[in-house]
Amino acid sequence: MTTNQTAASSTPTAQQREWIARDQLRAAVLRRRSSEEADASAAAYAWELEYCDDLTDQAARDLVRALDDQRAGRELLPGAEIPAPPPALAAVLAEVAAERRRQDERWGEQNHDDGTGTERGAFVARVLRRACDRRHAEGVGTWADILAEEVGEAFGESDPAALRTELVQVAAVAVAWAGAIDRRQGRPA
């Protein structure tokens, strides 16, 4: 058996699975654009990728969301693979950007140690995850529970790429929570 045959018969690495998934998803998106018949298969494949536990490539997930948004008729940003945010989300994101500018003006560029990935951080992550799961199972889960669980996951991460992913999830939950407050207060969507 040659080296190429050995490599071909072995299980693909996580990175290889991500590349394959990304390429297959792009092909599905192209098929979707060219044929209504392909729409069903692209949608099915996109759904499989969205819920595939092995897929960690955020770009592929963003393409899935873009496909869903295209199918729903939502506008895409010019030249982008991700949809333009709805006005309510854009308003919250603008507030976040303004706050970041204020922080930079006040404190300048900050370059602290992460301080995550410790045994204590892993413990905090486990406790907050269990608490969030329990409260939601009991039907009393809150935004605070969800955000605390996401922050806990960030505390438990030592790998910079995984930590960054967790921090983006923290930000996304905070933005979603702010949007929920706006909806409760009747702010325009």
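Because the model is predicted, local features need pLDDT of at least 70 and side-chain atom pairs count only at pLDDT 80 or more, while totals for chains, interfaces and linings use all residues. Residues are numbered from 1 along each chain as its sequence is written, and side-chain values use heavy atoms, with hydrogens and water left out.

Start with the fold. The chain has eight helices and zero strands. Helices (H or I, at least four residues) and strands (E, at least two) are DSSP runs, numbered from the N terminus. Along the sequence the pattern reads α-α-α-α-α-α-α-α. Of the 189 residues, 23% count as buried. Buried means under 20% relative accessible area, exposed over 50%, and partly exposed in between (1.4 Å probe, protein chains only). Contact means heavy atoms within 4.5 Å. Among contacts between residues at least 6 apart in sequence, 51% join residues at least 24 apart.

Next, the second largest pocket. A pocket is an open set of points on a 1 Å grid over the protein atoms alone, where a 1.4 Å probe fits, with protein on both sides within 12 Å along at least five of seven lines; lining residues have an atom within 4 Å of a point. The space in this pocket is about 450 Å³. That volume is the space filled by probe spheres set on the points, which are joined across faces, edges and corners. The lining has 14 residues, and Arg100, Gln103, Gln110, Asp114 and Leu167 are the closest to the centre. Helices H5 (87–107), H7 (143–156) and H8 (160–184) each supply at least two lining residues. H5 gives the largest share, four residues. By class, the lining has five nonpolar, five polar and four charged residues. Here Ala, Val, Leu, Ile, Met, Phe, Trp, Tyr, Cys and Pro are nonpolar, Asp, Glu, Lys and Arg charged, and the others, Gly among them, polar.

Helix H8 also holds Glu166. Glu166 is buried yet has no salt bridge. A salt bridge is a side-chain nitrogen of Lys or Arg within 4 Å of a carboxyl oxygen of Asp or Glu. The nearest side chain of opposite charge, Arg129, is 7.2 Å away. Lys and Arg count as positive, Asp and Glu as negative; His and the chain ends are not counted. Leaving out residues up to four places away in sequence, Glu166 touches Glu150, Glu153, Ala154 and Glu157.

Finally, His136 sits in helix H6 (residues 119–137). His136 is partly exposed, because its relative accessible area is 37%. Beyond its neighbours within four places in sequence, His136 contacts Gly141, Thr142, Asp145 and Ile146. His136 and Ile146 are 10 residues apart in sequence and 9.2 Å apart, C-alpha to C-alpha.
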